[in-house]
Amino acid sequence: MFKNIQSSAADPIMSLMEAYLQDANPHKVNLGIGLYYDEWGNIPLMRAVQQAERRLLDAGQPHGYPPIEGSAPFAHQVQALLLGADTVGDSRHLATVQTVGGSGALKLAADFLSHYLSRREIWVSDPTWANHWAIFGGAGLRVNAYPYFDNDSGELRFAEMLETLGALPAGTVVLLHPCCHNPTGTDLSQAQWRATIEVMQQRRLLPLFDLAYQGFGGGLEEDGYALRETLKTDLDFLICNSFSKNVALYGQRLGALTVCCRNAADAANVKGALKTLIRRSYSCPPTHGSQIVETLLADPALRRMWQDELDAMRQRIRQMRLQLASGLERGGSTLDYRRIRDCHGMFSYTGLQPRQLDELRHRYAIYLVEPGRMCLPGLNPANIDYVTSAILDVTRSA
């Protein structure tokens, strides 16, 4: 029955993680997979999450089925977090459903675009997160790329990006990273976002925002700028967001898909369509992660605690950027350390060449994703000098 099934290509990021785990080098450093690690190299259990879980445990609630779309309080909290409590106001034009992580939100959005809007293609940035191609291609959409970043120069290709978007037919779906661009770490400025949104509105394009790192760029409010500017227009748009990183709930697989519609009737119909897709897929979402987020966002003290912890995480990443860039500058590296210093979020394209990446891995057991994407939270006070020295060595011998 299964004899004609061919072997599958390994996921490049997950296979890199497997190689790292099997590496016996005591000095090994994981700068590949997109996880936040604290200064001791551990995935944090946030204090706000611990307190929320304790309250849930004390409540002793049974584990019944949730609604297909997830709980209504969770949806309202997601809308306020993404678009601002004051901005949302009458949220009847918003359709929000809980999803199985941010990847699940993207998959649900892809199926919605294909089955209900009859879209046949989507445009993503060049480069983008590799799984965007797999998710949208797997849903039957043709995936195209618009210019975004030049890895050789380390510069944003903004003029070319606007030119490409300005030539797309009305109704074309365009995926955008509101903050902490994955994989480059290079974001649009607020002025550039306004120019991009103006082109989107003029061309009547359909924005799909992938917000996986809210709070890791400039802050919770700042990282929602593009969404809130788009809300001021008459455009319909979609938002996929994740709580894996900013609440460190990786294993709970908690995300949401929000669709901003022109009126309440459209929003009701869209939510019905999304519920149909969910029901024929995984039926309903898990509850524990959403109850944690509901609890900590609803309680002012817990929310403040969470925001303070998130701010500290963001500041730690920033400190690692500055320290690595400073070390490379002092060491006279030929690498353009400014792109590491000036980027936002968890990632940066370093400009390291394939041979240098290979040297880092095999000589120093330092793991980065090709073509040189570094996950900055993998750096900490115990390994920053080792990594700096290794990069100086492999770039000096270029």
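Guide: On one side of helix 1, Leu-21 and Gln-22 are exposed, and please keep in mind that the model you are looking at is predicted.

Visitor: Okay, and which residues of helix 1 are buried?

Guide: Within helix 1, which covers residues 12–22, the buried ones are Ile-13, Leu-16, Met-17, Ala-19 and Tyr-20. Viewed down the axis of helix 1, these buried residues fall within an arc of 160°, so they line one face of the helix.

Visitor: Why would residues three or four places apart point the same way?

Guide: An α-helix has 3.6 residues a turn, so residues at that spacing point the same way.

Visitor: What covers the buried residues of helix 1?

Guide: The cover includes strand 1 (29–30), helix 14 (354–364), strand 12 (366–367) and strand 13 (373–375).

Visitor: Switching topic, what order do the strands of the open sheet have?

Guide: The 7 strands are arranged as 2-10-9-8-7-3-4, and their pairing is mixed. Strand 2 (94–100) and strand 4 (142–147) stand at the edges with a single partner strand each, so one side of each has no neighbour in the sheet. From one strand to the next, the twist averages 25°.

Visitor: How do strand 2 and strand 10 pair?

Guide: Strand 2 pairs with strand 10 (residues 254–260) in the antiparallel sense, over 7 bridges, and Thr-99 stands opposite Gly-255 of strand 10.

Visitor: And which helix lies across strand 2 and strand 10?

Guide: That is helix 10 (residues 264–279), which runs at about 15° to strand 2.

Technical notes. Residues are numbered from 1 along each chain as its sequence is written. This is a predicted model: local features need pLDDT of at least 70, side-chain atom pairs count only at pLDDT 80 or more; totals for chains, interfaces and linings use all residues. Side-chain values use heavy atoms; hydrogens and water are left out. Two strands pair if DSSP finds at least two bridges between them. Helices (H or I, at least four residues) and strands (E, at least two) are DSSP runs, numbered from the N terminus. Axes are lines fitted to C-alpha atoms, for helices over the stretch in contact, and angles run from 0 to 180 degrees between N-to-C directions. Contact means heavy atoms within 4.5 Å. Buried means under 20% relative accessible area, exposed over 50%, partly exposed in between (1.4 Å probe, protein chains only). The arc is that of the directions from the helix axis to the C-beta atoms.
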